[in-house]
Amino acid sequence: MTEMNENPLFLLPEVFLGGSAVLGLLLGAWLPRHRQWLVAALGAAACTAGIAAAGVAAAGAPVTAFDGAFAVDPVTSTVRIVVLGGTLVVLALSTAPLRGQARESEFHVLVQLSGLGALMLAGSQDLLLVAAAYLLASVPSYALAGFLKDGPGTEAALKYFVIGALLGVLFLTGITVVFAAGRGTAYAQLGGTLPEAPAALVGTGLAGVLAGLLFKAGAVPSHFWVPDAVQGSSPPAAALLTTLPKIGALAALYRLLVAPLAGSEVPWPEVVAVLAALSMTLGNFGAFFQTDVKRLLAYSTISQVGYLLMPVAAAAASARAQPALLYYLAAYALTNLGAFAVVCSLPHARTLEDYRGLLRRHPALTLSLIVCLLGLLGTPPTAVFLGKLEVFTAAVDGGLAWLAVVAAANTVASLFYYLRWIRPAVSGGGDSPSHRALRPPAVLACVTAAASVVLGIAGGPVLGVMTGALAG
């Protein structure tokens with residue numbers, strides 16, 4: 001039996017990040033242009049403090065706060081550490097490219113608000129709070145996509161916003177239908193009422209909610225915004241768009257399907273399994289012949305969502321689904337941010353051909369790129385390798401062996417486009433202006449690549465920490 005507590009200290013990581021965003025917004029209005037980096041430093045301090053607070057909370061028993069609307073359990077604790085760590089990385093990646101820009105502080109504030117939305121998505125146990133978190137994660141992301149105010153950025157923000165507005169309406173409509181079917185929005189109440197509600201009504205509401213959460217995750221069929229938004233955004237913003245909202249949305253989806261819909265007649269495991277297979281397949285097909293590095297990573301992230309949906313589909317039938325999902329989320333976030341750190345460090349290298357001869361000029365950076373790309377593929381001893389092994393096992397354990405076979409075939413197929421990037425980087429070639437690297441992102445790329453290997457080697461103990469019952 002879990003405790004019920006209204007103590008706001010249970011939301012301490014969220015309070016740190018939200019307070020830092022508000023204070024940073026105020027500081028940005030008064031600081032001179034050459035000192036606006038202090039807003040990023042404040043955000044980094046808030047993320048560090050939040051990670052420490054999340055670690056302390058993870059050692060305790062699962063609890064709920066505010067009448068059960070927010071849960072602190074292994075899912076929330078893991079997402080807190082991963083999202084806050086990812087926010088810290090994005091803040092570090094954006095410091096060098098934005099140094100001295102008139103709106104530098106605003107970018108850092110938007111990054112923190114988007115991270116806060118992802119945190120709230122992960123812990124919400126009430127559909128109304130999920131809706132508020134959804135908006136908090138979405139609106140800053142729209143602004144980040146078009147932050148540079150150039151042609152590609154404006155187009156990216158417009159497409160992202162229009163599709164987000166449409167699917168946001170479907171999301172809120174789905175919540176309304178679920179409320180009508182379950183006569184409430186709290187997960188604890190819905191768990192008792194939805195099994196008795198008409199399956200057609202519950203299924204209709206779930207379809208709308210899925211449309212919104214899959215949009216935030218960048219999964220099929222809500223994936224159309226991903227390639228254009230990522231390609232048109234600045235590299236630090238693209239790193240955020242492909243990582244932080246995805247983590248919060250998948251955690252929210254897992255919590256929704258496992259808690260209130262556990263006894264429903266709606267065949268949601270089969271629906272999620274089909275969407276997982278479509279996401280990984282269409283993402284791979286889209287990435288095959290891309291030449292723009294950000295667009296290639298955009299399609300790669302669509303395929304990665306397919307693998308991340310596998311444990312969600314198996315959640316009702318496999319006890320290994322939760323640790324598999326959480327570990328893969330951490331592994332993916334670290335590896336994907338490492339790949340984007342390489343992109344951020346080479347702002348003039350936009351196509352695969354621009355990376356030709358990189359090994360000769362920057363051997364450490366090239367090695368980091370190879371580790372991250374082969375890590376996304378699932379090559380040992382990187383963390384994604386163990387993550388894929390866990391999600392494949394959870395799928396088979398949950399009676400979805402066919403999905404594991406599809407995922408294995410897609411993993412082999414993805415080797416093609418990752419090697420298309422690696423080959424020119426390690427091939428001979430002269431020095432190019434596109435090889436002028438920014439030092440802070442380059443160092444960060446090396447650190448994240450090394451951390452991906454360390455997480456893969458230390459996967460056993462980490463997986464053990466991620467087990468445990470949901471609060472509720």
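Guide: UniProt, in an unreviewed entry, places the feature "domain: NADH:quinone oxidoreductase/Mrp antiporter transmembrane" at residues 124-409; such annotations may be inferred rather than shown by experiment. This is a predicted model, in which local features need pLDDT of at least 70, side-chain atom pairs count only at pLDDT 80 or more, and totals for chains, interfaces and linings use all residues. Residues are numbered from 1 along each chain as its sequence is written, and side-chain values use heavy atoms, without hydrogens and water.

Visitor: How much of residues 124-409 is helix, and how much strand?

Guide: Helices (H or I, at least four residues) and strands (E, at least two) are DSSP runs, numbered from the N terminus. Over residues 124-409 the chain is 76% helix and 0% strand.

Visitor: How are two packed helices described?

Guide: One gives the angle between their axes and the distance between the axes. Helix 2 (residues 37-58) and helix 3 (residues 74-98) pack at about 165°, their axes 9 Å apart. Helix 2 is therefore roughly antiparallel to helix 3 (angles over 145 degrees count as such).

Visitor: Is Thr 243 buried or exposed?

Guide: Buried means under 20% relative accessible area, exposed over 50% (1.4 Å probe, protein chains only). Thr 243 counts as buried because its relative accessibility is 0%. Thr 243 lies in the loop between helix 10 (235-241) and helix 11 (244-258).

Visitor: What is the relative accessible area of Arg 295?

Guide: The value for Arg 295 is 17%, so Arg 295 is buried. Arg 295 belongs to helix 13 (residues 293-313).

How values were computed. Axes are lines fitted to C-alpha atoms, for helices over the stretch in contact, and angles run from 0 to 180 degrees between N-to-C directions. Angles under 35 degrees count as roughly parallel, over 145 as roughly antiparallel, 65 to 115 as roughly perpendicular and the rest as oblique.
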